[in-house]
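Trainee: I am new to this structure and would like to go through it with you. Could we take it one question at a time?

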Amino acid sequence: MIASSSKNPENEIEDPVEQMLKKTGCMELHYQVQECIAEHQDWRKCQDQVKKFKECMAEHTRKQELRHK
């Protein structure tokens, strides 16, 4: 007999992109870009969201570079 686990196997496997985004602190902005693109079906109409996400990622990268100096 195999013992069943109380954990859901789907919840144990996390998307590597989501893992990375959580570390950056830019996850919510990423979701905003995705939602905008889904709503408008045209990424060009989402430039405000894209810009904010890009700035967040650039700030995270800058902080990482400063830590490693």
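Mentor: Gladly! Keep in mind that this is a predicted model. From the N terminus on, its elements run α-α-α-α.

Trainee: How many helices and how many strands are there in the chain?

Mentor: The order of elements from the N terminus is α-α-α-α. The count for the chain is therefore four helices and zero strands.

Trainee: What percentage of the residues count as buried?

Mentor: Buried means under 20% relative accessible area. The chain has 69 residues, and the share that counts as buried is 17%.

Trainee: Are α3 and α4 roughly parallel or roughly antiparallel?

Mentor: Helix α3 covers residues 27-40 and helix α4 residues 47-67, and their axes lie 9 Å apart. The two pack at an angle of about 155 degrees. Angles over 145 degrees count as roughly antiparallel, so α3 and α4 are roughly antiparallel.

Trainee: Which kinds of residues make up the contact of α3 with α4?

Mentor: On the α3 side, the residues include Leu 29, Val 33 and Cys 36. Among those they meet in α4 are Val 50, Phe 53 and Cys 56. The residues of this contact divide into six nonpolar, three polar and one charged.

Trainee: Is Asp 48 buried or exposed?

Mentor: Asp 48 lies in helix α4, and its C-alpha atom is separated by 8.8 Å from that of Val 33, 15 residues away along the chain. Its relative accessible area is 57%. Exposed means over 50%, so Asp 48 is exposed.

Methods: Residues are numbered from 1 along each chain as its sequence is written. This is a predicted model: local features need pLDDT of at least 70, side-chain atom pairs count only at pLDDT 80 or more; totals for chains, interfaces and linings use all residues. Side-chain values use heavy atoms; hydrogens and water are left out. Buried means under 20% relative accessible area, exposed over 50%, partly exposed in between (1.4 Å probe, protein chains only). Axes are lines fitted to C-alpha atoms, for helices over the stretch in contact, and angles run from 0 to 180 degrees between N-to-C directions. Angles under 35 degrees count as roughly parallel, over 145 as roughly antiparallel, 65 to 115 as roughly perpendicular and the rest as oblique. Contact means heavy atoms within 4.5 Å. Ala, Val, Leu, Ile, Met, Phe, Trp, Tyr, Cys and Pro count as nonpolar, Asp, Glu, Lys and Arg as charged, and the others, Gly among them, as polar.
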